[in-house]
Amino acid sequence: MKKILFPLVLTGILFSCKKQEKADVIVINANTYTVNTNFDKAESFAIKDGKFIAVGNNKEIQEKYATLQTIDANNKPVYPGFIDAHCHFYGLGLQQQKVNLVGTKSYSEVLQKLVKFQKEKNSSFITGRGWDQNDWEVKEFPTKEKLDHLFPKIPVAIRRIDGHAMLVNQAAIDLAGITTNTKVEGGEFLQKDGKLTGVLIDNAMNFIKVPQPSKKEQIQALKDAQKICFDLGLTTVDDAGLDKQVIELIDSLQQTGDLKMRIYAMISNNKENLDYYLNKGVVKTDRLNVRSVKVYSDGALGSRGATLKDEYSDKKGHFGALVNSYNDLQDLAKRIAASEYQMNTHAIGDSANYVMLKTYDNVLKNKQDRRWRIEHAQIVDLKDFHFFKNVLPSIQPTHATSDMYWAEDRVGAERIKGAYAYNDLLKEYGKVALGTDFPIEHVSPLYTYYAATIRKDLKGYPEKGYQMNNALSRKDALKGMTIWNAYANFEEEEKGSIEVGKVADFIILENDIMTVDGSKIPNTKVIATYVNGEKVN
């Protein structure tokens, strides 16, 4: 009997092995949020050729598939790879090669960092970014006198954290040929007592010609940014404003495998980019998608460049200014509408939002599924929210918790009701795209999630949350960092959820952000990030 049974058992094993399909990777014991239409949970999934081929429970996946690589998630939460709908990926990388002024608490600290940087780098033109006078005890724009004393011959140009103001010294001013009589549209050279202060607002910054990075520095910048983003759970980034040369460099690095980040590239609004890409049409590979134009309508609230319908509450007679003329914005919108491209417009003030919403409404009549976006949608007149029924709000929740200390000073108690109104925007369109605007804000998408849902800063302020009527639910915030962002990029059929046929981009976290105490969300660790089923951090 034993002699007969052994061959039968062996035959059964061989038959069972033959029946199993091959998978490259199987993940088991996972608390998986698929973020599919039903928001289903799963505990296991299989991957082959960089895509999900099955999603289910441990038993059915392990019975059906054989693999040489099994990942035991140890019941940790698993989510689709996070997507940042609005950031400056390339800019983040370049920032690693400049003076980092983020978090400085005084102008004196800014100067100390500049001196230290110059001792280490001996640069012929000092650049940096990140200062914010609203974080200082004296909440006023700095002036250039101390900068001139420390650096009498070396040009210095350091951007404010929002990128819409710059402090320069006299050496940089002389190099640019700027005088008190220099004129600029869509910007301002700040003066005091008839003299230049060194602060340039919006288009005035274009006069400063900062040396361009070498190709080697550009490549390093992209690699540096990728490492930062992968470590924090990002698998796709929407870079809000790139030129043709950088896009082509990204494509070449992706093709050779040196760059694995997926990038949705918004082309910068200039003649060369528009002429090339609008005529060429959509450019799409497995990791690169070029099909949108990043446009600026106004500046930033922090530097009072945002365009308001009524004067600033803390600066009488000042309304901000459009950085592109009204007529230029109309012509540009018509041109983009006649192409396959999406128009993604930076609009901060209620006037800028109204101008662009009306513009979109006029040029998109009878055009279906264009998914044009307003980037930031920061201050919106309450009577203008209805325009967002056909316009996708692309918003950055950490702006709310960064700006909440001074935003009401800028716009007053009534207008602040339409500010950072993420839930109200969601009610209009039915979706919101969430991003960070890094490096203006911190890169971490977990900070985004925390600010969107808990509406506090990292110190836990305010105790009851900021304008909690406009907080997003945890479910909606997760969708806004995954499937809705994929939708915003016309990629919802290929990413944004853990479903069969989609690319195997997923992350494993330390804590379940859907259920954990809110205070633990920001410091939750990213255990692993996977792109195409490959671990990348």
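I counted 3 cavities of 30 Å³ or more in this predicted model, where local features need pLDDT of at least 70, side-chain atom pairs count only at pLDDT 80 or more, and totals for chains, interfaces and linings use all residues. Residues are numbered from 1 along each chain as its sequence is written, and side-chain values use heavy atoms, without hydrogens and water.

I took a cavity as a set of points, on a 1 Å grid over the protein atoms alone, where a 1.4 Å probe fits but cannot get out; lining residues have an atom within 4 Å of a point. A volume is the space filled by probe spheres set on the points, which are joined across faces, edges and corners.

I noted a volume of about 60 Å³ for the largest cavity. Its lining includes Pro80, Gly81, Ile83, Lys495 and Asp505, and divides into 3 nonpolar, 5 polar and 2 charged residues (Gly counts as polar; Asp, Glu, Lys and Arg as charged).

I then looked up the second largest cavity, which holds about 40 Å³. Among its lining residues are Ile83, Asp84, Leu434, Pro445 and Met481. Strand E10 (82-87) and helix H15 (445-453) each give two or more residues to this lining; helices (H or I, at least four residues) and strands (E, at least two) are DSSP runs, numbered from the N terminus.

Strands E2 (residues 25-28) and E5 (residues 44-48) run antiparallel, joined by 3 bridges, and I found Ile26 opposite Ala46 in E5.

Terms used:
1 Å grid on protein atoms, 1.4 Å probe; cavity = no way out; pocket = protein on both sides within 12 Å on 5 of 7 lines; lining within 4 Å. Pairing = 2+ DSSP bridges.
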